[in-house]
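Biologist: I would like to learn how to read the backbone and packing features of a model. Could we go through some of them one at a time?

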Amino acid sequence: MTSIQADLASRPPAATLADAAEQIRRLPRAERWGTLTGVRGASLTVAGLGRSLTLGDRLQMLRAGGAPIPAELVAFGPEGAIAVPEGRTEGLAPGARVLLGEAPMLFPCEAWLGRVVDGLGRPVDGAGPLPAGRRAAPLRNLPPDSLRRRLLGRRLETGIRAVDVFTPICQGQRMGVFAASGVGKSTLMGMLARFIESDVIVVGLVGERGREVREFLDRTLDAEARRRAVVVVATSDQPALAQRRAAQASLAVAEYFRMEGRQVFLLLDSVTRLAHAQRQIGLAAGEPATARSYTPSVFTELPALLERAGPGPEGEGDITAVFTVLVDGDDHDEPIADAVRGILDGHLVLDRKIGERGRWPAIDVLRSVSRSLPGCHTAEEMALLAEARRHLTTYADMAELIRLGAYRAGSDPAVDMAIGLQPGLEALLAQGVAERATAPDAFARLAAVLGGAAVS
C-alpha cells in the first residue's frame, strides 16, 4: 500500500462532496525542490522552483548540521523567488536545497475554544494536541462582498459606561483603541473581553512581551471569558513573519466562527506591531521606504486585514472587532494611526493626562468617535449625550484658566454650569476594573448628573 493509499484509509468517511474535496486537498503533493542562490540581509533568493508559485508559500531551507529553516515567499524577481526566513540563517550555504510547501491553512473547530495557539494553529499552552476541523480557514482571505454584507446590528453592552454612552459599539462594528504605552490599553481590552456580549472571543497578541502574554491569560481574562476564547500569540522575540501570521490567523479563526453563525468578538493587539513586522518584510523584499520608513505594502496590508472583520452575509454571524494602535510618541497623526483611523468604524482615544489625574479608564470621550451614532441611541439618549458633550467641551476649553484661578465665577453661566457638573461627569466616566455597568444604568446616572429624568 502506498503512503497516499494509507493516508486515505486512515481518514473517516466523507459526509458530503465538500468534505471529500477537502480531504483530497489535504493529501500530500509531489515534492518540489530548488536551490539557494543568494542571501542579502534578511532576504533569500531561491531558483529552480518553477513557475507555479504563490506568494505566501512556505519553504524549508536545508542546512548542514542543523534543523531546516522555515521561510516564506514574499516576492519574485528576475533572479528567482525572494523569501524571508523565520529564524537565524547560520549554517546556510550557497546551493543549499530548498523544499517548497503550500501556503499554510488553519483548521479550527469548537475544540479550539479555551486554547492558546501560534499563527500556524499549533498549541503553545501545553494542554495537548488540537483536533483539526473539516473546513479550512486560509490565513489570507478576501473580505465578504460589500453588497452582500448585512448592516451593523444592535448596540452591544460593553459593560463600560464611557463606551456605552459616548462611543457605543454595535454588532459587526470595528473600533480602534489609540493609546501610547502605559495608558491602560491592556486593562481596557481585558474589561471588554470580560463584559461584552459575544458567543466567541478571539484574541490576537501580536509582538507582545512574553511576560505580558501570561499576565493577560491568567489575570486580565477571567475563567468564563477564557473558556470561550481562542488566543493567538506571537511574542516580540519571534520573527516578523510569525507576528504577521498571528494577526492573519486571528482573523482566520474569527472568520471560521462567523461562518458558523456565531457572534464573535475579536481583540487584536496591536496593529502597530503588525505594521512594524510588515515593514521588516517589505524592506527585505526590496520595497522602498516611504513615510517614517514604512513600505507601501504596509498600507495595503492594513485594509486587507481589517476589512475582513465586520458583519457577515445573510445566514452568518458577525465579527465585532477592537484593534489597538500603539501611538508612537503620543502622536495621533503618525502614519499608522492616521491610516487605521480612516479604515475603522470609530476609535477610542486613551489620554495619559487623564490617567495621571486618576481617572480610569483614561478615555478621552471628546476625541473618541463611534460611527454607529446616532442610529444606535434613542432620541432621549442622544439628547443626554449631546448635553454632556457640550458641558465637557465648555470645561475643556476653559480648563487652563480654571486651574490657574484666572476664571472668575459668574463671568459666564455656561462655564459656571460646566464647572458644577464636572465632578459628577468625572465620577460617571471613572470605573473599576471589575465593575460591570449596564447601558440603562449609565444613562440613568448621566440623567441624574445633568438634572434630567432618567432614561429607561
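**Helix packing and backbone features**

Modeller: Helix H7 and helix H8 (residues 271–284) pack at an angle of about 135 degrees, and their axes are 8 Å apart. Axes are lines fitted to C-alpha atoms, for helices over the stretch in contact, with angles from 0 to 180 degrees between N-to-C directions. Helices (H or I, at least four residues) and strands (E, at least two) are DSSP runs, numbered from the N terminus. This is a predicted model, in which local features need pLDDT of at least 70, side-chain atom pairs count only at pLDDT 80 or more, and totals for chains, interfaces and linings use all residues. Residues are numbered from 1 along each chain as its sequence is written, and side-chain values use heavy atoms, with hydrogens and water left out.

Biologist: How are H7 and H8 oriented to each other?

Modeller: Angles under 35 degrees count as roughly parallel, over 145 as roughly antiparallel, 65 to 115 as roughly perpendicular and the rest as oblique. H7 and H8 are therefore oblique to each other. The crossing of H7 and H8 is left-handed; that word applies if the near helix is turned anticlockwise from the far one by less than a right angle, and right-handed applies if clockwise.

Biologist: Which residues of H7 and H8 meet?

Modeller: Contact means heavy atoms within 4.5 Å. From H7, Ala240, Leu241, Gln243, Arg244 and Ala247 meet Arg273, Leu274, Ala277, Gln278, Gln280 and Ile281 of H8. The residues of this contact of H7 with H8 divide into 6 nonpolar, 3 polar and 2 charged. Here Ala, Val, Leu, Ile, Met, Phe, Trp, Tyr, Cys and Pro count as nonpolar, Asp, Glu, Lys and Arg as charged, and the others, Gly among them, as polar.

Biologist: An α-helix has a repeat; what follows from it?

Modeller: An α-helix has 3.6 residues a turn, so residues three or four places apart point the same way. As for length, H7 (residues 240–259) has 20 residues and reaches 29 Å from its first C-alpha to its last, close to the 28 Å expected at 1.5 Å a residue. The expected span is 1.5 Å times one less than the number of residues. H8, with 14 residues, reaches 20 Å, close to the 20 Å expected.

Biologist: How many residues of H7 are buried, and how many of H8?

Modeller: Buried means under 20% relative accessible area, exposed over 50%, and partly exposed in between (1.4 Å probe, protein chains only). In H7, 19 of the 20 residues are buried, so H7 is largely enclosed by the rest of the structure. In H8 the count is 11 of the 14 residues, so H8 is also largely enclosed by the rest of the structure. The buried residues of H8 include Arg273, Gln278 and Arg279.

Biologist: Which residues other than glycine have a positive phi?

Modeller: Among them are Arg292, with phi near 50 degrees, and Ser293, with phi near 70 degrees. Arg292 is in the loop between H8 and helix H9 (296–306), and Ser293 lies in that loop between H8 and H9 too. Arg292 counts as partly exposed at 46% relative accessibility, and Ser293 counts as partly exposed at 31%.

Biologist: Where are cis peptide bonds found?

Modeller: One runs from Asp269 to Ser270, with omega near 5 degrees; Ser270 is in the loop between strand S13 (263–269) and H8. Another joins Trp360 and Pro361, with omega about -5 degrees. Pro361 lies in the loop between H11 and strand S17 (369–370).

Biologist: Back to packing: at what angle do H12 and H14 pack?

Modeller: Helix H12 (residues 379–404) and helix H14 (residues 439–450) pack at about 55 degrees, with axes 10 Å apart. H12 and H14 are therefore oblique to each other, and their crossing is left-handed. The contact of H12 with H14 has 7 nonpolar, 1 polar and 2 charged residues.
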